[in-house]
Amino acid sequence: MSERESHSQWQAERRASVTSATGNLALVETRWTGGRPDVEAERQAAADSVTVTALRRTDIDTGEAEYGLRFWDADSPAIRAFDRIDTYDYDPAWVLEGRFTPVAGARTVPFEHIRDNGGTRDLAVPGDIHLELDGREYTLAAFDDGGTLLLVFGDETNGSETYGSGRFLFVELRDDEGDVTLDFNRAFVPPCGFSAQYNCPLPPASNRFPLPIRAGEKNVVFRDGFDIYAA
């Protein structure tokens with residue numbers, strides 16, 4: 001399979017994922033309950049098209065555990081209004097090589113989140129990604145997302161050509177020597193671009209490129225003027 005064919009397959013998988021019964025477009029409510037919720041009772045009360053899952057996070061002020069529920073509707077207004085994900089054309093020049101340097105012990109980096117009114121949450125960053133781009137060296141912080149490195153980055157296209165809060169990119173660790181591939185053609189709109197019920201991390205200063213990265217996904221396109229913030 002050629003690189004372009006592989007990229008087309010990735011795009012098809014992305015569309016299938018975001019439109020699935022528990023995909024990004026299906027999230028219609030995030031409800032924080034304080035104590036542990038009765039998930040089974042909520043599932044029994046939900047409509048047939050709705051999936052209910054449990055959620056846990058750390059309170060940003062107290063550090064205590066918070067519990068909640070997420071409601072996913074396979075027939076959500078966002079799924080019905082979804083048209084496509086607008087993207088740049090595939091460009092092999094945006095497949096870049098870098099180096100990953102692990103850090104000893106546990107390290108966290110504070111990430112501001114879109115719904116936390118300027119507050120930050122500490123995320124585990126197991127090492128640094130070193131990348132040369134346009135003649136400049138960058139040291140990037142990618143956090144551990146279930147065993148995979150996830151880079152939250154910003155660039156000069158945000159808000160004009162691409163999603164305003166930045167984009168996400170999974171970073172492939174190729175070998176034990178620390179070689180990594182950053183295929184910006186697979187940069188993607190974060191979940192909060194599909195549903196206002198997500199609380200996505202924002203790019204820290206180290207991950208903001210002072211240049212345009214015209215690769216990957218741009219924005220989510222809906223029909224008939226649908227707005228996730230008004231849904």
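Glu 97 is partly exposed, at 46% relative accessibility (buried means under 20% relative accessible area, exposed over 50%, partly exposed in between, with a 1.4 Å probe and protein chains only). Its side chain meets that of Arg 174 in a salt bridge, at 2.2 Å from N to O (a side-chain nitrogen of Lys or Arg within 4 Å of a carboxyl oxygen of Asp or Glu). Glu 97 lies in strand β5 (residues 95-102), and Arg 174 in the loop between β11 (167-173) and β12 (179-183), so the pair ties together parts that are 77 residues apart in sequence. Helices (H or I, at least four residues) and strands (E, at least two) are DSSP runs, numbered from the N terminus. Arg 174 is partly exposed, with a relative accessible area of 40%.

The model is predicted: local features need pLDDT of at least 70, side-chain atom pairs count only at pLDDT 80 or more, and totals for chains, interfaces and linings use all residues. Residues are numbered from 1 along each chain as its sequence is written, and side-chain values use heavy atoms, with hydrogens and water left out.

The structure holds 14 salt bridges. One of them joins Glu 42 to Arg 31, with the closest N and O atoms 3.4 Å apart. Helix α2 (residues 39-45) contributes Glu 42 and strand β1 (residues 27-34) contributes Arg 31, so this contact ties together parts eleven residues apart in sequence. Glu 42 is partly exposed at 26%. Arg 31 is partly exposed at 30%. Salt bridges link Glu 29, Arg 31 and Glu 42 in a network.

Asp 83 pairs with Arg 84, the closest N and O atoms being 2.6 Å apart. Asp 83 is partly exposed, at 28% relative accessibility. Arg 84 is partly exposed, at 38%.
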